[in-house]
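Please read these notes with the model open beside you. They go through a few places in turn.

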Amino acid sequence: MSESPQKEPDEFDEIVGAETDRDPDLALIEAGSRTLRTQSGPPQGDGVPSRPADPELDRALREVEAELAGRWPETKLDPSLVRVEALMDILGSPQRAYPSIHITGTNGKTSTARMIEALLGAFELRTGRYTSPHVQSITERISLDGAPISAERFIETYRDIRPYLDMVDAAQEHRLSFFEVLTGMAYAAFADAPVDIAVVEVGMGGTWDATNVIDAGVAVIMPISLDHTDRLGTTPEQIATEKAGIVKQDATVVLAQQPVEAASVILKRAVEVDATVAREGMEFGVLSREVAVGGQLLTLRGLGGEYPEVFLPLYGAHQAHNAAVALAAVEAFFGVGSEHARTLDLDTVRTAFASVTSPGRLEVVRRSPTVVLDAAHNPAGARAAAEAVTEAFAFSRLIGVVGASGDKDVRGVLEAFEPIFAEVVITRNSSQRAMDADELAAVAVEVFGADRVQVEPRLDDALEAAITLAEEEGEYAGAGVLVTGSVITVGEARLLLGRG
């Protein structure tokens with residue numbers, strides 16, 4: 001196991017020092033390696049906003065971020081909807097001003113939410129999307145019409161509801177949390193727009209999640225596996241019980257493929273509330289898929305029939321399954337499969353899927369050597385990413401860059417990637433939750449062996465080291481780099497590689 005000599009403190013160190021004092025999900029590195037920026041080429045359009053160019057606007061946004069960071073972080077949970085319900089009441093129940101599609105599950109929520117949003121937008125509905133965590137900018141979490149709200153609108157929304165936040169804070173035992181405030185902002189922004197439909201991803205779990213003050217007509221439950229076991233339970237049944245709490249009376253449940261024990265819990269909940277269930281592999285699913293340039297070509301079976309030759313510009317079998325779930329959710333919203341047996345307009349569906357992006361999900365951010373980012377942070381996500389990378393990229397040798405949070409199953413993540421990584425560079429991001437690089441490296445040595453592990457505590461050094469290792473084979477040898485382990489690691493790598 002090798003480690004490079006320590007460098008003198010510089011601007012990067014100052015930024016990391018400042019960022020570690022902030023809420024972990026506000027962690028951003030805004031200055032990066034000039035070398036990496038030069039190598040990586042111009043940023044592409046991907047719906048991830050940069051910091052505001054106007055200094056005054058940037059200052060105002062930082063003030064809002066700082067106020068939010070002063071609240072309970074979203075990693076600290078209190079199993080109660082009392083505070084967020086009080087906020088909704090005092091705001092006039094904005095969450096009831098529009099219908100909604102609610103999404104829970106362990107993996108795939110954000111990508112599926114973006115697909116649902118694209119489909120609804122293609123059918124000329126005005127959409128609001130609320131997802132978490134963000135890759136780079138907090139404004140990503142609240143989108144209108146397929147794009148993150150502007151910094152100006154984010155600030156304005158916060159200032160509009162701030163007096164009401166103070167009123168709720170004063171009346172409750174605990175102040176509203178970071179996530180509860182953002183949820184209130186999203187629901188208020190959607191009502192103000194106004195949107196035709198909201199696509200809402202839970203923050204964690206379901207029953208007690210702050211988003212669960214909506215009464216969604218369509219509940220989407222993505223694959224359930226073990227994650228956040230300290231808060232949600234240690235078995236699929238326990239976790240499914242918590243997530244099934246988003247299923248409301250007479251709703252339609254769109255159920256992705258599940259472990260049998262999780263599916264039984266959800267089906268029981270559906271019976272209790274007279275919900276209709278559409279199951280992947282039964283009522284809908286992926287009929288065929290083949291790798292294509294820049295993504296994959298799918299034939300999907302929806303609730304109303306088949307949708308052939310659908311191009312999805314995302315990699316991996318898991319994204320194909322996400323697409324099938326998204327399509328079924330939109331069909332359910334339009335009443336397809338229950339009120340009428342017909343397919344949605346095929347050309348519109350094709351156009352929508354072809355437009356989908358999902359930053360930080362097997363996203364190529366650099367060529368020669370190819371650098372791919374993936375936000376996998378639990379074993380199930382890591383296995384899906386490893387399979388997709390193997391299928392979609394013909395790498396002769398793959399170098400991993402891994403920075404993870406300390407509360408995750410890091411051994412499981414590393415074991416999932418071990419078969420595909422020739423070498424791994426262990427690092428850390430700027431979050432307070434980040435696992436110490438040496439601690440993570442100790443686990444990596446047990447999984448990979450000391451000769452395949454390198455430690456670079458600074459993320460910019462880790463990226464440089466991995467690119468150097470990939471380049472050792474020569475320009476045309478086909479080596480690549482995969483940066484993974486955490487959404488925060490991926491977001492910071494994106495900025496360092498010039499995509500911010």
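1. Which backbone oxygen does the side chain of R452 reach at 2.6 Å? The side chain of R452 reaches that of F421, and it also reaches the backbone oxygen of A422, at 3.1 Å. Both are polar contacts (a pair of N or O atoms within 3.5 Å; within protein, one must be able to donate a hydrogen and the other to accept it, and residues adjacent in sequence count only if both atoms are side-chain atoms).

2. This is a predicted model, in which local features need pLDDT of at least 70 and side-chain atom pairs pLDDT 80 or more, while totals for chains, interfaces and linings use all residues. Residues are numbered from 1 along each chain as its sequence is written, and side-chain values use heavy atoms, leaving out hydrogens and water.

3. R452 lies in the loop between α15 (437–448) and β17 (453–455); helices (H or I, at least four residues) and strands (E, at least two) are DSSP runs, numbered from the N terminus. R452 is buried because its relative accessible area is 18%, buried being under 20% (1.4 Å probe, protein chains only). Leaving aside neighbours within four places in sequence, R452 is in contact (heavy atoms within 4.5 Å) with E418, F421, A422, E423 and V424.

4. L362 sits in the loop between α12 (346–354) and β13 (363–366). At 4% relative accessibility, L362 is also buried. Beyond four places in sequence, the residues that L362 touches include Y315, H318, V372 and L482. L362 and L482 are 120 residues apart in sequence, yet their C-alpha atoms are 8.5 Å apart in space.

Methods. Buried means under 20% relative accessible area, exposed over 50%, partly exposed in between (1.4 Å probe, protein chains only).
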